[in-house]
Amino acid sequence: MNIAAQADRTAQSITPEIVAEHGLSPEEYKQLVAALGREPSLTELGIFSVMWSEHCSYKSSKVWLKKLPTEGPQVIQGPGENAGVVDLGDGQAAVFKMESHNHPSYIEPYQGAATGVGGIMRDVFTMGARPVANMNALRFGAPDHPKTKHLVAGVVSGIGDYGNCMGVPTVGGETNFDARYNDNILVNAMCVGLVDSGRIFKAAAKGIGHPVVYVGSKTGRDGIHGATMASAEFDEASAEKRPTVQVGDPFTEKLLLEACLELMEEDAIVAIQDMGAAGLTSSSVEMADKGGVGIELELDRVPTREDGMTAYEMMLSESQERMLMILKPGSESIAERVFQKWELDFSVIGYTTDTGRLVVRHRGITEADIPLAALAHAAPLYERPWTKAEPQPLITLEEVPAPNSLLGALECLMGSPHLCSRRWIWEQYDHMVMADTVQRPGGDAAVVRVHGSDKGLAISCDVTPRYCAADPYEGAKQAVAECWRNLTAVGADPLAITDCMNFGNPERPEIMGEFAGAVEGMAEACTALSFPVVSGNVSLYNETNGVSIPPTPSVGGVGLIPDISTMATMALKRPGDVLMLLGTEEGHLGQSLYMQAMLDRSWGAPPPVDLEAERSTGDLVRELIRSADVSAVHDVSDGGLLVAIAEMALAGGHGVVLDALSGPLPAHAAWFGEDQARYVIAAAPDKADAIHKAAAAAKVPLRLLGRVGGDAIVLDGEPPLPLSVLRTAHEGWLPGFMAHG
Amino acid sequence: MKASVIVFPGSNCDRDAAVALEAVSGIAPALVWHGDSEIPPSDLIVLPGGFSYGDYLRSGAMAAHSPVMREVVSRARAGTPVLGICNGFQILTEAGLLPGVMMRNATLKFICRDVHLRVERNDTAFTRHFTEGEVVRFAIANKDGSYYAKKATLDRLEGEGRVAFRYCDAAGKISDAANPNGSRRNIAGIYNESRTVLGLMPHPERLADPALSGTDGAKMFASLLETLH
Amino acid sequence: MKARITITLKPGVLDPQGKAIAGALHALGFDSVGDVRQGKYIEIEVAESDPKRARAEIERMCEQLLANTIIENYAYELEAA
C-alpha cells in the first residue's frame with residue numbers, strides 16, 4: 001500500500017487546524033506539499049514541523065548569521081557541526097558551544113535548566129571531547145517579581161545537580177536581574193571539552209549499508225514538540241505546556257559519556273550525533289544529509305519505556321541522554337559490549353542507503369518516506385523585514401547628578417543585585433572536580449588547566465543587555481569586546497567565541513532590526529579582534545503577550561594561556577603596590593549602573609566601543625602579564641572604575657588609598673563612567689617606570705590611581721569605607737534575597 | 001606503594017585520586033571496575049568521590065552492594081588500608097565498614113568550598129605527615145555531607161580515638177560557625193577500630209597541587225607512601 | 001504482586017527537609033501545620049503470587065537496600081497485581 005493511501009488511513013486527515021498546531025503557516029504547508037510531491041502522513045507532518053521549526057532550521061536568522069566571521073588559523077571546525085573546535089597546539093583542541101533552554105526553564109526551571117546542561121554536554125562529547133568545564137549565562141526578572149526567587153532556586157539547583165553528577169566543574173557564568181525578563185527568563189548553558197585534534201568525531205553519515213545504532217536511555221513521550229515550543233511565544237495557556245518539558249537523568253548521561261569515550265578509542269564509529277531538539281528526527285536527518293546518503297529506520301527496534309508508542313511519537317520524542325551512531329559494518333559487537341558494560345540500551349535501528357530519502361517503518365507500515373533535501377535544505381528562508389530604532393542620544397552630564405558621597409554610592413552599587421557577589425550561586429556548583437580548576441568563579445574569567453600540561457583554558461560569558469536595548473549594534477560589539485577583555489585580563493590569547501542569540505519575535509520588524517544590528521556589531525568586533533564565531537545558537541520568540549526581552553546576544557569566549565604560572569588574577573596582593581588605570585577617561589554615564597542606582601532607570605546611548613583601542617590596550621596588558629610586571633589585573637566594565645577597584649580590593653583582602661582624579665570630568669563621571677577598553681592593574685613600585693614606558697610605546701593612556709594598603713577604600717575628602725563593611729554589602733544581597741525574597 | 005582505585009558507575013573523582021597518588025608514589029594506581037570481584041594485590045584501596053548510581057535512593061547505597069565490595073570488605077578486615085573520600089565515605093558507611101550515616105546538609109544545598117579541618121591524631125597511616133591538632137585546608141563538594149550517628153556510637157568513636165578530622169575555623173576552633181553542614185560533633189572523617197580504614201567527606205586530592213592554591217591534601221598521600229612503602 | 005513501601009526517618013532523627021517544608025507551608029498561610037517529616041514512597045512489582053513469600057522478599061529488600069536501618073523505618077502493603 002503506498003504511503004499516500006496510508007496517509008489517508010491514519011486516524012486524522014490533515015486539517016488546517018492540525019497544520020497550525022504544528023507551528024506551520026498555510027504558506028509553509030504548501031511548500032511542504034510541493035517538496036514532498038503529495039500530502040503528508042501525520043508522522044511526515046510531524047517530521048517536517050520540527051525540521052522546519054525556527055529552532056532547528058534557523059529560518060529567520062540564517063541570512064543574517066552568514067555575516068559572522070567564522071574562520072582563522074586557530075579554527076579547526078566552525079559552525080555546522082555539533083560544536084566548534086579550536087586548535088590549542090601540541091595536537092590538542094578545545095571543543096565548545098553555548099545553547100539556550102529558555103522556554104522550558106520558565107515552565108519548569110529545575111528540569112529545563114538541567115536538561116539544557118545535559119544537552120550542551122552531549123553536543124561536546126559527541127565530537128569525542130571529554131567535557132572539562134561548564135558555564136552558564138542566566139537572566140531573571142526583577143527581584144520583586146513574584147516568580148523570580150522560585151525561578152532562581154530552580155534553575156541553580158537544576159544546573160548544579162546535573163553538572164555535579166556528571167563530574168564536570170561549573171566554573172563561572174553571568175547572572176542578571178531585569179524586569180524585562182519577568183515572563184521570559186534566559187538560561188544559556190556553555191560547555192568546553194578537550195580532544196586530540198586527530199580524533200575529532202563528526203556527524204556526516206558516510207557509506208551505504210552501514211548500521212544506524214541507537215544508544216542511551218529508552219524513548220518515552222517527553223518533550224514531544226519541544227522544538228516547536230521553543231519557536232513560539234508564551235501566553236496564558238503556557239502552564240499547560242508542562243508535559244512537553246523533558247526530564248533529565250544525569251547518572252545515565254555520565255554512563256553515556258564514559259561509554260562513548262571508551263568506544264571512540266576503537267575504530268568503530270563512522271559518525272555520531274546526540275539526539276537533542278527534535279530527537280531521532282533531527283539526528284537521523286542531519287547525519288544522513290551531511291553524509292549525502294539516505295537512511296531507513298525500523299522503529300520496532302527503538303527501545304521504548306512507554307507502551308504503545310506510535311511512529312509519530314518515536315520520531316518526535318525528546319527523551320534525553322540518547323545518541324545516534326553510524327558504525328563500520330562488523331563493529332556492532334565491539335560496540336554493543338561497551339554499552340552493555342555501562343548498562344545502556346544499544347539497538348541497531350536502521351541502515352544508511354543510497355536513496356537520499358528518510359524512510360521510517362513501524363509494524364510493517366511505511367510511516368514516512370521523505371527526500372532528505374526537503375527536510376534539511378528546503379525549509380523556507382525568511383528575509384524578514386526589519387526596522388532600525390532611533391539611536392538614543394549621548395547623555396549630558398547635567399542629566400546625572402553627583403552623589404552625596406562617592407563611597408556611599410559605591411557601597412550601594414556593590415550591594416545591589418547587579419554587582420553583588422554571586423557566591424550563593426556558584427558554591428552550589430562543584431567548580432573543582434577534575435582537579436584542574438586554576439581560577440575559580442568570581443574572577444574575570446575562569447581558568448582550567450589543560451590536563452597533563454602547563455597550559456590553561458580561559459573561559460568567559462558576557463553581554464550587557466541594557467546596552468543592547470539602547471543600541472543593538474554597539475551593545476553587541478561591546479559583548480564581544482568585553483569577552484575578549486576578560487580573557488585578556490587573566491593573561492590568555494582569546495581564540496574564538498560561541499554565541500547564544502536571545503531575541504523576541506522576529507516577525508516584528510523592530511525585533512528583527514535588533515537581531516540584524518546585533519549581528520552586524522558582533523561581526524565587526526569579531527573581525528577587528530580576530531575572534532571568530534565557531535558555534536552558536538539562536539533563541540527567538542522570547543516574548544510574552546507582546547512584551548519582548550531586551551536583545552541579549554550572549555557571547556561565550558575561550559582563550560589559551562600558554563603557561564598557567566603567568567596567569568593573572570584580580571586580587572590585590574601586596575600593600576605598597578601601585579594602582580594604575582590603562583585606557584581613556586571620557587565619563588560615559590549613559591546606560592550606566594550608577595545612573596540606574598541613582599535615578600531608578602537609565603537611558604541614553606551606551607558607551608561607544610573603539611575596537612582599535614581594545615586591541616592595543618589588551619595586547620599591552622597581556623604583554624605586561626607575561627613579563628610578570630603586574631601583580632593584579634581587572635578589566636573595567638559594569639559599574640565603572642571605582643567598582644573595579646573595589647572588586648580587586650575585596651578579592652585580595654587589601655584596601656586602597658586613592659588619589660583624587662584630576663581632570664575636566666566631574667568626580668562621579670570619572671569614577672562611575674563605563675568607558676570601554678580599560679583595565680586596572682597593580683604592580684610593584686619598581687615596575688611602574690617600565691609600565692609607563694610600555695604604555696607610551698603602545699599609545700595607551702595611563703594614569704596613577706593610588707596605592708594598595710590598609711583595610712579600607714580611602715578616597716580624599718570622604719570617611720574611609722572599611723573593607724569589612726563593603727564585604728558585608730557585597731556578600732549580603734543575594735543570600736538575603738533567596739532566604740526572604 | 002601499589003594502590004587500587006575502585007570505579008563505580010557514576011564515580012567522578014577516580015582520575016583525581018589516581019593523579020594525586022601517582023604524583024606522590026610515582027606509580028599509577030590500578031583502576032578497578034565495580035563489576036570485578038577481584039582486586040590486584042594492593043597496599044591501599046581507595047573509594048573515590050562522585051555520584052555512584054547518581055546518588056539515587058541514598059548516596060552510596062547501591063554501590064555498597066557492587067560485586068567488588070565483597071573483596072574490599074575482605075581486604076579491609078585483613079588489614080589493607082582503605083581510604084573512602086566523599087562518596088567513598090558514604091559507601092563505606094552503607095557497607096558497614098564504618099559506623100554512622102551521611103545525611104542531607106543542614107542548608108539543604110550542595111556546598112563547594114574550602115574548609116579548615118583539625119587533624120585529631122597524627123599516628124595513623126593517613127596522618128603521619130601532619131602534626132596533632134594541625135589546622136589544614138581541604139575542599140568539600142557535596143549535598144549529603146552531614147555525619148550522623150547515635151549518641152552511643154559517637155561517644156564510642158570519641159572514646160576510642162576514632163575521630164580523624166573535625167571542621168574548625170582558621171584558628172582551629174571547633175564551633176557551629178565552622179561546621180558547614182551540621183555534622184555531629186563537627187566530624188569530617190572517622191576511622192574504623194584498627195584505624196586502617198578512613199572515611200572523610202573533604203577531598204584531599206583536590207588541594208594536593210601548588211597550581212590549585214593548596215597542598216595540605218598532599219600530606220595525606222605522602223603519609224600513606226611513607227607508611228606503606 | 002505489588003508492594004507499596006513507605007520509608008520514613010526514625011523519630012528523633014533530625015529532618016531538615018521536613019523542617020523546610022513546614023516553614024514553607026506556614027509562609028503560605030497554613031498556620032495549623034505542626035511537625036512535618038519527609039519520607040520516600042516506592043512501588044515494586046514482584047513476580048510472586050504467594051503473599052507470605054512476597055512479604056519475606058520485600059522485607060529482605062527493605063533491610064538490605066531500600067532503607068538504611070540506622071536512621072530509617074519501613075512499612076509496606078501488598079496487593080495482588
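**Chain contacts and local packing in a predicted three-chain model**

The contact between chains A and B draws 23 residues from chain B and 22 residues from chain A, two residues being taken as in contact if their C-beta atoms, placed from the backbone, lie within 7 Å. The model is a predicted one, in which local features need pLDDT of at least 70 and side-chain atom pairs count only at pLDDT 80 or more, whereas totals for chains, interfaces and linings use all residues. Residues are numbered from 1 along each chain as its sequence is written, and chains are lettered from A and ligands numbered from 1 in the order in which they are written.

On the side of chain B that touches chain A, helix 1, strand 6 (111–119) and strand 7 of chain B each supply at least two residues; helices (H or I, at least four residues) and strands (E, at least two) are DSSP runs numbered from the N terminus. Strand 6 of chain B gives the most to this side, with three residues. By class, the side of chain B that touches chain A has 13 nonpolar, four polar and six charged residues, where Ala, Val, Leu, Ile, Met, Phe, Trp, Tyr, Cys and Pro count as nonpolar, Asp, Glu, Lys and Arg as charged, and the others, Gly among them, as polar. Of the two pairs of chains that touch, chains A and B have the most contacts.

The contact of chain C with chain B takes seven residues from chain C and eight residues from chain B. Helix 1 (residues 16–27) of chain C provides the largest share of the side of chain C that touches chain B, namely three residues, and the residues of that side divide into five nonpolar, two polar and no charged. Chain A and chain C are joined by no contact, and their closest C-alpha atoms lie 10 Å apart.

Within chain B, the 13 residues of helix 5 (residues 216–228) should span 18 Å at 1.5 Å a residue, and the end C-alpha atoms are 19 Å apart, which agrees; the expected span is 1.5 Å times one less than the number of residues. Buried residues of this helix are B:Asp216, B:Gly217, B:Lys219, B:Met220, B:Phe221, B:Leu224 and B:Leu225, a residue being buried if 20 or more other C-beta atoms lie within 10 Å of its own, exposed if 12 or fewer, and partly exposed in between, with C-beta atoms placed from the backbone. Their cover includes helix 1 (14–25), strand 3 (44–47) and strand 7 (135–142) of chain B.

In chain A, an open sheet of seven strands has the order 23-25-22-26-24-27-28, with mixed pairing; two strands pair if DSSP finds at least two bridges between them. Strand 23 (632–635) and strand 28 (721–722) of chain A stand at the edges with a single partner strand each, so one side of each is left without a neighbour in the sheet. Strand 27 (residues 712–715) of chain A pairs with strand 28 of chain A in the antiparallel sense over two bridges, and A:Ala712 has A:Pro722 in strand 28 of chain A as its bridge partner.

Also in chain A, the axes of helix 23 (residues 641–652) and helix 26 (residues 723–740) come within 10 Å and cross at roughly 100 degrees. A:Ala646, A:Ala649 and A:Leu650 in helix 23 of chain A meet A:Leu723, A:Leu726, A:Arg727 and A:His730 in helix 26 of chain A, and the residues of this contact divide into five nonpolar, one polar and one charged.

Key
Axes fitted to C-alpha atoms, helices over the stretch in contact; angles between N-to-C directions.
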